[in-house]
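I opened this notebook to record what I looked up in one model. The entries follow in the order in which I made them.

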Amino acid sequence: MLTDVFFYNFSRWTEIKLEEIEYYLQKNFRNLSFNNNKNDNRLSRLFHLNLNLAYFQSKCIVQNIKRELDSNQILPFKDFPEDHFMFGIKPICNQEYYLTRFQDFILKENLLLYDGILLQKLYQEILCQLDFEVNLSELHIIITDKLLGSFDDIDWKYHARSVIFGNPTILSTSGLIYGPARPKEYYLKVLYHSRDPELLAEVENEYRGKFIEYNDNRINSIIEGLSMQSICYMIEGDPFCNDSNCRLFNSHWQEELIRLNLNTNICKKHLKIIKNNTSRLI
Ligand SMILES: [Zn+2]
């Protein structure tokens, strides 16, 4: 049974206020413990200083949007002694993996697309190696600015994702910008005016507020909602709700995502699930 939730915020967005998110979640999931990692910054140290992590993370960068990365190419993180990487192999420069065939928006931002599932496996190994428990009782939620994607067998290409559910769960700020779709008319107008910067700027102004942009204040509510879904995934095995007015609904559109997370409405079914989980331990 889930008892503890650990957050690791590696995002540079100052709009993310982890204390507020934890306060809200604690009010709802009363028997879960949050924010237990304040006194344990092992993971933070590793993320900021370790070169071999940079090396392995670079292995998760998608090279071709229409070809799924082979998980076998990522050697087990634990098989390599730290000094081997600290002094031996240099981390691969990101620019070598500059994407050339992704959406224009992403090219504009010079973002790299990471295979979220592989990154999740890598982080899982790291957590285990650092003696964190990665099981049903402890959920680890990592917040990153890296753009995450997962390969879809239906249309045979990668799609940007705002969240990779599981343990650890990875939430991506860039994924929130590029994952859920913007209004259809917006894309058409951008395409139509693509050669005219002034008209493009007008389109941006016209649609401002209808989707999440960098350093958008609304990010905190959305990270809060996604964290809630992550916890429900651990409790119930399903992060999503069928009710399009419930915060746990699987939003495919930016406007939907913003509306649901600013309203913070939770359906009766999920209120019960949250309540039951709370009372189970009392
Ligand atoms: Zn619901």
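The entries below concern helix packing and a metal site.

I noted that this is a predicted model, in which local features need pLDDT of at least 70, side-chain atom pairs count only at pLDDT 80 or more, and totals for chains, interfaces and linings use all residues. Residues are numbered from 1 along each chain as its sequence is written, and side-chain values use heavy atoms, with hydrogens and water left out.

**Entry: the zinc ion.** I looked up the protein donors (N, O and S atoms within 2.8 Å of the metal, or 3.2 Å for Na, K and Ca). For the zinc ion they are C241 (SG), C246 (SG), C267 (SG) and H270 (ND1), at 2.1 to 2.4 Å. The angles among the four donor atoms are 102 to 120°, and the site is tetrahedral (four donors with all angles between 85 and 135 degrees). The donor residues follow the spacing C-x4-C-x20-C-x2-H. Helices here are DSSP runs (H or I, at least four residues), numbered from the N terminus.

**Entry: α10 with α11.** I found that these helices pack at an angle of about 85°, with their axes 9 Å apart. Axes are lines fitted to C-alpha atoms over the stretch in contact, and angles run from 0 to 180 degrees between N-to-C directions. The two helices are therefore roughly perpendicular (65 to 115 degrees). The contact (heavy atoms within 4.5 Å) joins S221, I222 and G225 of α10 to L257, I258, N261 and L262 of α11.

Notes. Four donors count as tetrahedral if all angles lie between 85 and 135 degrees; four count as square planar and six as octahedral if opposite donors are over 155 degrees apart and all others between 65 and 115; anything else is irregular. Angles under 35 degrees count as roughly parallel, over 145 as roughly antiparallel, 65 to 115 as roughly perpendicular and the rest as oblique.
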